[in-house]
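I opened this entry to look up the cross-links first. The fold and the packing come after.

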Amino acid sequence: MAFWSLSSSLPLLGLLSLLLFHQTSLTTTTTDVHVHLNILPDVPDGRVGSNYSVFREAHAFRNGETCGNLDVDRIHVAMTLDANYLRGTMAAVFSILQHSTCPENVVFHFLWVRHEPEVYSSIKSTFPYLDFKVYRFDVHRVRGLISKSIRQALDQPLNYARTYLANLIPNEVKRAIYLDSDLVVVDDIAKLWKVDLGDKVLAAPEYCQANFTVYFTEEFWSDPYMPRTFEGRKPCYFNTGVLVMDVDKWRHGNYTKEVEDWMVVQKQKKIYQLGSMPPFLLVLAGNIMPIDHRWNQHGLGGDNVEGKCRGLHPGPVSLLHWSGKGKPWLRLDSRKPCTVDHLWAPYDLYYTSRHSFED
């Protein structure tokens, strides 16, 4: 699948995205889409709050002729799952399937804190052909370790589930892609899956031009011992919303314990302010496999306080990520969207009105 390039103007990017979405929809046979008359609950943020699905059913995506054996060439994608971010999760899954050459090879591993029947049924009804499994993340494992950060949403236990991913998914899964729920993929996910990890446990885009010192407090940097954790490596910032993980290496390298140890330190001393990301940086910054920045065009949700609009960075794009306070579905519903939010809209499967007519 062709990627998007920023050599053209931003309005044209949005137009191309819309055209791509509608072209895919128009070529779908009527047997792929099932529509009913539903009277929907008033859930403007996309949460599930009734017995009715508030999402349209996506048509079936099938493998091309060049795809390999379904039992061998699996692509494992892990995401968190809850009612508050379900609208984002639906859009992310839809984007991955739509741009995959071999969508039937993709297996989704969803992590949630409790069984939510309406969330589960929404996934099943929206993607009837989806290959997915759901795993319960025990919040008691992490609740006593979480410190208050600059934004309440960052303090939710599910934000820390990625730390325990290797312990939750089956042992036969040796590699996994972890993705946040506030993103869309506009390229073939197989390209990300195939990145060379070398001897590293994680691969992610690195941002060495960023001021790394701002991710930790003065108390951390003034401590005579804590900064020494970076000795022997050149630490660079990386965003933990898009990760390729060697799950076996993570299990055997005791990385979960290392992350937890820094969370314990944070409870005793205020050494960072940004939730689940800084412990990853403390353990792994400067020791990951860097990949192309196109795989995490992050920060589209603005900062963590105000969530003001931001534009795209120059260069090609394979993944758009609304990290930050501003989420595209909320800004679109408020009728105060940022320009970049229109790039997310074509993947939104949420019913925008209280009544929907389907045939």
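I searched the whole structure for disulfides and found three; the criterion was a pair of cysteine sulfur atoms within 2.5 Å. This is a predicted model, so I kept local features only at pLDDT of at least 70 and side-chain atom pairs only at pLDDT 80 or more, while totals for chains, interfaces and linings use all residues. Residues are numbered from 1 along each chain as its sequence is written, and side-chain values use heavy atoms, with hydrogens and water left out.

I took Cys67 and Cys102 to begin with. Their S to S distance is 2.0 Å. The torsion about the S-S bond is about -100 degrees, so this disulfide is left-handed. Cys67 sits in the loop between β1 (38-39) and β2 (75-80), and Cys102 in the loop between α2 and β3 (106-112), so the bond ties together parts 35 residues apart in sequence. Helices (H or I, at least four residues) and strands (E, at least two) are DSSP runs, numbered from the N terminus. Cys67 and Cys102 are both buried, meaning under 20% relative accessible area; exposed is over 50% and partly exposed in between (1.4 Å probe, protein chains only).

Next I checked Cys208 and Cys236. Their sulfur atoms are 2.0 Å apart, and the link is right-handed, with 100 degrees about the S-S bond. Cys208 lies in the loop between β7 (202-207) and α6 (218-221), Cys236 in the loop between α6 and β8 (237-238). I noted Cys208 as partly exposed at 43% relative accessibility. Cys236 is buried at 4%.

Then came Cys309 and Cys338, with sulfur atoms 1.9 Å apart. This link is left-handed, at -80 degrees about the S-S bond. The two cysteines are 29 residues apart. Cys338 is buried at 3% relative accessibility. In sequence order, the bonded cysteines pair 1-2, 3-4, 5-6.

I turned to the packing. Which residues touch the most other members of the largest nonpolar core? They are Phe108, Leu179 and Ile189, in a core of 58 residues. A core here is a set of buried Ala, Val, Leu, Ile, Met, Phe, Trp, Tyr and Cys residues joined through side-chain atoms within 4.5 Å. Helix α2 gives the most to this core, eight residues. A second, separate core has 49 residues, including Leu111 and Tyr135.

I closed with α2 itself. Helix α2 (residues 86-99) has 14 residues, and 14 of 14 are buried.

Technical notes:
The expected span of a helix is 1.5 Å times one less than its number of residues.
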